Amino acid sequence: MRPLILALSLALSLAAPPSARADVAAVVQNHALPGYATLADAASALDAAAQADCAPAALAPAWNATFDAWMAVQHLHLGPVEEQGRGLAIHFWPDPKGRGRAAQRALLAGDPATLTPETFANQSVAARGLMALERLLFPATDALQGDTCTLIRLTTADLARSTAEIATLWQQGFAASLTTAGEPGNPRFLSQAEARQALLTQLTTGLEQLADQRLGRPLGSFDKPRPDLAEAHASARSLLNVTLSLQALRDLMVNLAPDSPKSRAAFDSALARATALNDPALAGVADPAGRLRIEILQQSIRATRDALLAELPPQLGVGIGFNALDGD
């Protein structure tokens, strides 16, 4: 019944004019541009720290700060971050086949003389980015062996370069593509509704990723929970990533459609549950009581997506594909 009600609501929204307060420009100026600038600055600081001292303990704070900055924009799967594999080179996760560890082992076992910033930029995205650094800075029982210092420095330099490129390309071109949607000479977005639709999609898919991957993967099944599959498990920031992602998605929503009280309330409820969870690595999935709390958080995130689907399309003057309702 719920999917049918949502579908009818979305169909009716197509006939409604977009609210004057639906603001793509606010998303660009208040959310995307400062978010990517902060990410580039954090990655640059991480690289500078690595070039000075590659000791894992010394780099952990700067790595965490960079990951925090990434979580503020990681839901924006459009524009420069999607070009040339930049997004995957920053954050290759999930990695169910362990390609990242295998690629890093091969690099460490090879000739160090062949590892240069230029050659590293052409390596598999699985061997690069934040998750690659987590394996180097927070070693597990099967720690990577070899000259990890060189690999750490190459990885931070690559990360700084990629994030700087994204920030620059947003500032110098993609931001204008979004804010001038529908104007002559704009080949990316042929109408303002198309730009609003793209941003609404970032919201809904971001919430789906939270529920299905960041929580769904470690939840596994009741008989076989998989806490080891939680994102950033080794660094014990799995729950923090959930919380930061919720905060970032809420900020995107508030800028895009500020007059959305039901969606705000749904986000606030999910954030309150995440804040109260107190389970940094989501290890509680293996405990019945802890598992129930995580499942309730997952349900709250899915309810937030449903609230968005019911409330935002009338304001934005757009619909949404029925595939977004699949799985309910």
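At what angle do helix 11 and helix 12 pack, and how far apart are their axes? Helix 11 (residues 261–277) and helix 12 (residues 288–316) pack at about 165°, with axes 8 Å apart. Please keep in mind that this is a predicted model, where local features need pLDDT of at least 70, side-chain atom pairs count only at pLDDT 80 or more, and totals for chains, interfaces and linings use all residues. Residues are numbered from 1 along each chain as its sequence is written, and side-chain values use heavy atoms, leaving out hydrogens and water.

**Helix 11 with helix 12**
- The angle makes helix 11 roughly antiparallel to helix 12 (over 145 degrees; under 35 counts as roughly parallel, 65 to 115 as roughly perpendicular and the rest as oblique).
- Axes here are lines fitted to C-alpha atoms, for helices over the stretch in contact, with angles from 0 to 180 degrees between N-to-C directions; helices are DSSP runs (H or I, at least four residues), numbered from the N terminus.
- The crossing of this pair is left-handed, meaning that the near helix is turned anticlockwise from the far one by less than a right angle, while clockwise is right-handed.
- Residues in contact (heavy atoms within 4.5 Å) include F267 and R273 in helix 11 and I301 and E311 in helix 12.
- By class, the residues of this contact are 13 nonpolar, 4 polar and 4 charged (nonpolar is Ala, Val, Leu, Ile, Met, Phe, Trp, Tyr, Cys and Pro; charged is Asp, Glu, Lys and Arg; the others, Gly among them, are polar).

**Helix 10 with helix 12**
- Helix 10 (residues 238–256) and helix 12 cross at roughly 10°, their axes coming within 12 Å.
- That makes helix 10 roughly parallel to helix 12.
- V242, L246, M253 and L256 of helix 10 meet L297, I301, L308, L312 and L316 of helix 12.
- The residues of this contact are 9 nonpolar, with no polar and no charged.

**Helix 5 with helix 7**
- The axes of helix 5 (residues 99–109) and helix 7 (residues 129–137) come within 10 Å and cross at roughly 65°.
- Helix 5 and helix 7 are therefore roughly perpendicular to each other.
- G100, R101 and Q104 of helix 5 contact A132, R135 and L136 of helix 7.

**Two domains**
- Domain 1 covers 24–180 and domain 2 covers 192–316, with bounds from an automatic or database domain assignment.
- Between them, domain 1 and domain 2 bury about 2200 Å², 63% of it on carbon and sulfur atoms (accessible area, 1.4 Å probe, that two parts lose on being put together, summed over both).
- M71, H75 and W93 supply 28% of the area that domain 1 buries against domain 2, more than any other three residues.

Methods: Helix = DSSP H or I, 4+ residues; strand = E, 2+ residues; numbered from the N terminus.
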